[in-house]
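Open the model in your viewer and keep the selection tool at hand. This tour says what to pick next and what is there.

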Amino acid sequence: MGLWAQQPAPSPDKPDQGTSKAQPAAPHQPIPFSHKTHAALDLKCETCHGNPDPGDNITIADPATCMTCHESVATDSPAIKKLAEYAQAHKAVPWVRIYSVPDFVYWSHRTHLQADVRCQACHGQVEQMDVTARVTNVTTMAGCVECHQQHNANTGCSACHEGASAELRRMP
Ligand code: HEC
Ligand code: HEC
Ligand code: HEC
Ligand code: HEC
Ligand code: HEC
């Protein structure tokens, strides 16, 4: 399915001006993580990003998984020392969220992955980023609907929202 590769790559110069006004497009993270460095190792997205049942969300690898490499890689780095502390304490790294939609929106990654929509269609060229940034408008209603129109997917209000327009009028 080459379909999705034809989507223009969103420009990092034009970050999402949509819903997430309060969130910076590239928040400061507790550990400076580079997708570019790790993509150069030929790691698949799925190595660090699972999609557990029921499939709505995508997880980020826990520190213990990172440590399978970092027990021996870059161990002198302050960032890796911090990572090792989280792993030892069995704690998740408190990564700051970059993409999110409000609770009143039905969202499932799995629906999209099963339709062969690539990560990059919604998140841009993550593998080229030293600092992960929000570079698309996928968290806005316009961003969702635009792609649904292009691909003849459902654009009915109730596809993404509960109930009829009366309910929607009461939304924040
Ligand atoms: C070696 C592990 C690793 C690999 C491989 C990896 N990621 Fe990530 N990803 C992370 C970590 C750690 C974070 C949280 C820190 C950050 O945002 O940079 C993250 C964050 C993200 C986010 C932002 C999540 C949010 O907060 O909204 C997206 C989107 C993402 N990754 C997509 C991808 C894609 C697409 C690929 C494959 C091209 C990929 N990642 C490969 C570890 C990885
Ligand atoms: C397949 C092995 C592998 C995995 C898994 C992996 N890394 Fe890495 N990581 C590397 C390599 C190789 C480098 C580059 C080291 C260098 O340049 O000296 C690196 C570099 C880094 C650096 C920069 C270190 C520095 O200061 O130079 C950070 C931070 C980092 N990784 C965090 C993570 C996190 C967080 C995860 C888990 C989400 C993770 N890594 C998973 C192999 C891995
Ligand atoms: C059709 C668009 C779309 C595709 C395809 C997509 N994402 Fe997302 N992604 C989103 C949206 C929208 C959010 C915010 C979801 C929320 O708030 O629950 C998100 C959030 C995330 C997050 C933050 C955690 C979470 O589940 O909310 C990560 C990590 C992530 N995506 C990684 C990926 C990776 C890796 C792929 C490919 C395997 C991918 N995404 C494919 C749209 C997409
Ligand atoms: C890059 C393209 C793309 C983007 C962006 C996108 N979608 Fe989709 N979406 C699809 C496709 C294609 C399908 C059809 C899947 C199928 O029918 O198998 C779909 C299906 C769905 C469905 C299931 C609809 C049904 O009736 O079965 C929901 C719900 C949905 N998307 C919500 C969203 C939301 C919410 C957003 C924005 C946060 C979004 N989508 C962004 C491509 C996209
Ligand atoms: C493909 C998914 C999708 C479809 C179809 C869709 N919406 Fe939305 N809608 C969203 C997302 C995502 C948001 C949250 C983003 C935002 O607030 O900008 C949203 C937000 C809203 C809001 C709150 C706006 C605000 O400013 O807080 C209303 C009201 C709304 N939608 C009404 C509708 C109506 C009416 C329809 C049918 C004509 C519809 N939506 C169809 C995805 C969708």
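## First stop: Glu127

Select Glu127. Setting aside residues up to four places away in sequence, Glu127 touches His35, Lys36 and Ala39. Two residues are in contact here if their C-beta atoms, placed from the backbone, lie within 7 Å. Glu127 sits in the loop between α6 and α7 (141-150). Helices are DSSP runs of H or I with at least four residues, strands are runs of E with at least two, and both are numbered from the N terminus.

Is Glu127 buried, exposed or partly exposed? Glu127 counts as partly exposed because it has 14 C-beta neighbours inside 10 Å. The scale: buried takes 20 or more other C-beta atoms within 10 Å of the residue's own, exposed takes 12 or fewer, and partly exposed falls in between, with C-beta atoms placed from the backbone.

## Ground rules

This is a predicted model, in which local features need pLDDT of at least 70 and side-chain atom pairs count only at pLDDT 80 or more, while totals for chains, interfaces and linings use all residues. Residues are numbered from 1 along each chain as its sequence is written, and chains are lettered from A and ligands numbered from 1 in the order in which they are written.

## Zoom out: the whole chain

Show the cartoon. The chain has nine helices and zero strands. Of its 172 residues, 10% are buried. Among contacts with a separation of 6 or more, 69% join residues 24 or more positions apart.

## Ligand 1

Select ligand 1 and its surroundings. How many residues surround ligand 1? There are 21, and the closest are Cys45, Cys48, Ile98, Cys119 and Thr132. A residue counts as near if its C-beta atom, placed from the backbone, lies within 6 Å of the molecule. The helices α1, α2 (45-48) and α6 (119-123) each give two or more residues to this shell.

Colour the shell of ligand 1 by class. It holds 12 nonpolar, seven polar and two charged residues. Nonpolar means Ala, Val, Leu, Ile, Met, Phe, Trp, Tyr, Cys and Pro; charged means Asp, Glu, Lys and Arg; the others, Gly among them, are polar.

Stay on α6 and pick Ala121, which lies in that helix. Ala121 counts as buried because it has 20 C-beta neighbours inside 10 Å.

## Ligand 2

Move to ligand 2. Around it are 19 residues, of which Ala61, Cys66, Cys69, Ser77 and Ala79 come nearest. At least two shell residues come from each of α1 (35-39), α3 and α4. Which helix gives the most? It is α3, with four residues. By class, the shell of ligand 2 has 14 nonpolar, five polar and no charged residues.

## The α3 and α4 pair

Select residues 63-70 for α3 and 78-88 for α4; their axes come within 9 Å and cross at roughly 130°. Axes are lines fitted to C-alpha atoms, for helices over the stretch in contact, and angles run from 0 to 180 degrees between N-to-C directions. The two helices are therefore oblique to each other. Under 35 degrees would be roughly parallel, over 145 roughly antiparallel, 65 to 115 roughly perpendicular, and the rest is oblique.

Show the side chains of the contact. From α3 come Pro63, Ala64, Cys66, Met67 and His70; from α4 come Ile80, Leu83, Ala84, Tyr86 and Ala87. Nine of these residues are nonpolar, one is polar and none is charged.

Next, select Ile31, in the segment before α1. Apart from neighbours within four places in sequence, Ile31 contacts Ala79, Lys82, Leu83 and Val93. Ile31 is partly exposed, with 16 other C-beta atoms within 10 Å.

## Last stops: the backbone

Go to the loop between α2 and α3 and find Pro54. The peptide bond from Asp53 to Pro54 is cis, with omega near 0°.

Pick Asp42, in the loop between α1 and α2. Its phi is near 65°, a positive value in a residue other than glycine. Asp42 counts as exposed, with 7 C-beta neighbours inside 10 Å.

Finish at Asp116, in the loop between α5 (109-114) and α6. Phi of Asp116 is near 65°. With 11 other C-beta atoms within 10 Å, Asp116 is exposed.
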